[in-house]
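Hi,

Here is the structure I promised to pass on to you.

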Amino acid sequence: MQKTYNTSHVRQINQRAVLDSILRNGSMSKAELARTLGLSKPAMADNVQRLLDLGIVKEGGEGDCGPNGGRRPVMLMLNGEHKYIVTIDFFYTFTRFILGNIKGEVVEEFSVNQTPAQSFEAWVNMSVNAVNTLLFSRGLQMEKLAAIGFSAPGVVSSDQRCIIPSAMEGNFDAGVFVERLKENFHCIVYTKNSANVYVVAEVEAGAGKGFKNVLYISCGEGIGAGIILNGQLYEGSGMAAGEIGNFVTRNTLDEPNRLEQRIGVQALMRLIREQAPAQTLEKLDLQLSDEKLFLQVVNLWKEGDRFLKKCVEEISLDIGCIVADMNMLLNCDIIILGGEYIAFSSQMIPVVQNIVNTRCYLPPKVVPAALGKERRGLGMLALCREFYFDTLCGLASAP
């Protein structure tokens, strides 16, 4: 059945298109917007006026005259001080906090270390204090918050009300955390799976920029995938697409361990402790935490340790098979490898690329992620901005 739209809905769509155009171009005049979007000048004036009244768009300077001269047009641009977004990116050993404006520009950021043993309640209180610190650092009142974006490993329900946490996170209850944020800050709280956030970040400002079909594989502490299809984030009907840490094969159907538990960082550290030869172990401090031991492992791998080279080779083969299978399903433009194992990229990527080249009909290039952990919050910032634009224009409701 063909959909029909009333005048109000058409206006909402047009206003959303105006925001997209101004964001993409930096500044535009009403006449430029009318031509670009195929609207009459009166219709454009009506749509722009509402956005000016809301304060999300502002007038800023004059543009160039047309070929026939005449009055210089008034340029329109996004008002970066209209609202702000806080993003919270949860990792196993630290949490990254970013304050950004509505244009997607980072204005303040910091990280707070944590340990796996830290209590959930203490972490929640720390996060609430961190958000308040970000606001205070810029003299912002709570009303200036457009949204808080929270990303963590796990599956986010389609209604944004529940997060099924990754098995790695133990008693971490992301759903409770989201409710606490809403209680404290009275704004939209937008949740996303970490791998989905990272693929958006890479498309926004990293290795995936300019591509419409992108596969991002996060491998290290956890194993997951973020997927961009036709320029849009693909999450599946139940928001659980990309949970490749649960992949099985015929040979592993009866095994209790998931893929993530077989090749993740913790599995690698366990393998080293149990099977590494004496000449490898004597150069490592096995009393260290997995995080610090991993850094030692990377350095020893760089020195050419044969046992560690073999370990990375085996992990690379597993990841290569996953990547090739997913690409044969999705037919991507580019494949990006991220996560802690990117430290092994000089050995890992050639192995993965070779499997892709020999198994896929149209093999794309396999590249390392361009953004480190500090920059991945740009993906959450972009997703929150898009959702806020939708709610402002009446095309979405706050969760």
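Asp 390 is partly exposed, at 23% relative accessibility (partly exposed lies between buried, under 20% relative accessible area, and exposed, over 50%, using a 1.4 Å probe and protein chains only). This is a predicted model, in which local features need pLDDT of at least 70 and side-chain atom pairs count only at pLDDT 80 or more, while totals for chains, interfaces and linings use all residues. Residues are numbered from 1 along each chain as its sequence is written, and side-chain values use heavy atoms, leaving out hydrogens and water.

What does Asp 390 form a salt bridge with? Its partner is Arg 16, with the closest N and O atoms 2.6 Å apart (a salt bridge is a side-chain nitrogen of Lys or Arg within 4 Å of a carboxyl oxygen of Asp or Glu). This pair links distant parts of the chain, as Asp 390 sits in helix H13 and Arg 16 in helix H1, 374 residues apart (helices are DSSP runs of H or I, at least four residues, numbered from the N terminus).

Arg 16 counts as buried, at 9% relative accessibility. Arg 16 also forms a salt bridge with Glu 386, where the closest N and O atoms are 2.7 Å apart. Here, too, distant parts of the chain are linked: helix H1 covers residues 7-25 and helix H13 residues 377-392, and the two partners are 370 residues apart.

Glu 386 is partly exposed, at 27%, and its side chain meets that of Arg 385 in a salt bridge (3.2 Å, N to O). Shared partners join Arg 16, Asp 20, Glu 204, Arg 385, Glu 386 and Asp 390 into one network of salt bridges. Arg 385 is buried, at 7% relative accessibility. The structure holds 13 salt bridges.

Best wishes

How values were computed: Helix = DSSP H or I, 4+ residues; strand = E, 2+ residues; numbered from the N terminus.
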